[in-house]
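Please look over the notes below on surface contacts in this model.

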Amino acid sequence: CNSLKFQLYSYIIKMGDEDAEYKVMYEGDEAETNWISKAGKATVTFADGSTFVGTFDEEKLKQGPGVYTWMGPGEDEDAPVVKAVYDGEYKDGIKSGRGKMTFPSGDVYDGFWVNNKMEGEGTYTYKASGDIYSGSFVGGLKSGSGRYEFGADSSQLVGTWVDGSITTGSWELKGCGTYTGAFKNGKPDGEGSFAFVSGIEQKGAYVAKKEGEEDDEDAPVTITWEGDPVFG
């Protein structure tokens with residue numbers, strides 16, 4: 001979650017920076033300027049090669065659809081390469097509405113934004129792992145109903161999310177069964193039940209146990225499943 005915030009806030013739009021150097025070409029104009037001089041559609045090119053293509057209003061703020069492309073040095077520090085891209089809606093100069101963001105990591109978020117943050121329904125795809133989260137966001141974090149699919153084994157966490165972590169719901173293990181119950185820090189915790197593909201069901205709880213003396217505060221803690229007896 002913290003990495004998502006870092007990526008979002010590390011790519012703040014430069015248009016509000018009075019020291020930013022850029023060139024502006026308005027659609028239909030022949031002359032290039034170095035400031036936002038009027039309302040209309042324009043292409044803004046920054047000194048590092050980053051660009052914004054979209055519409056400005058009378059207050060010289062981004063409004064409506066636009067594409068912002070962040071550039072940065074390549075591996076050999078030669079020609080700049082694309083680092084991130086936002087393609088979507090703006091309101092009063094910031095990302096608001098439907099938009100797609102490709103981050104420097106290669107992760108992609110496609111969904112709704114409010115005040116430059118992921119907010120509302122959307123899908124976040126993690127490039128490195130192939131994991132996909134589809135559901136609700138609040139303030140840039142997974143919050144509300146959502147489904148998280150792991151790229152490695154296609155297992156899925158489905159349920160209610162709070163501040164980026166699932167709290168209640170189910171863990172669907174492909175070809176094995178489904179755990180339903182509570183979660184803590186993204187893992188099953190407390191009372192729940194398993195329904196296996198064989199048709200067997202078992203209730204129980206994930207219980208934290210110390211390895212060693214109970215009064216040893218530094219003893220490692222393991223979480224184990226303690227299930228009720230199952231009679232076939």
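How exposed is Arg98, by relative accessible area?

1. Arg98 is partly exposed, at a relative accessible area of 44%. Here buried means under 20% relative accessible area, exposed means over 50%, and partly exposed lies in between (1.4 Å probe, protein chains only).

2. This is a predicted model, in which local features need pLDDT of at least 70 and side-chain atom pairs count only at pLDDT 80 or more, while totals for chains, interfaces and linings use all residues. Residues are numbered from 1 along each chain as its sequence is written, and side-chain values use heavy atoms, with hydrogens and water left out.

3. There are four salt bridges in the structure (a side-chain nitrogen of Lys or Arg within 4 Å of a carboxyl oxygen of Asp or Glu). One of them joins Asp110 to Arg98, with 3.4 Å between the closest N and O atoms. Asp110 belongs to strand β7 (residues 108-114) and Arg98 to strand β6 (residues 94-102), so the pair ties together parts 12 residues apart in sequence. Strands (E, at least two residues) are DSSP runs, numbered from the N terminus. Asp110 is partly exposed, at 32% relative accessibility.

4. Another salt bridge pairs Glu226 with Lys209 at 2.6 Å, N to O. It links distant parts of the chain, with Glu226 in strand β16 (residues 221-227) and Lys209 in strand β15, 17 residues apart. Glu226 has a relative accessible area of 35%, and Lys209 has 41% relative accessibility.

5. Lys38 and Asp29 also form a salt bridge, their closest N and O atoms lying 3.1 Å apart. Lys38 is partly exposed at 38%, and Asp29 is partly exposed at 32%.

Conventions. Helix = DSSP H or I, 4+ residues; strand = E, 2+ residues; numbered from the N terminus.
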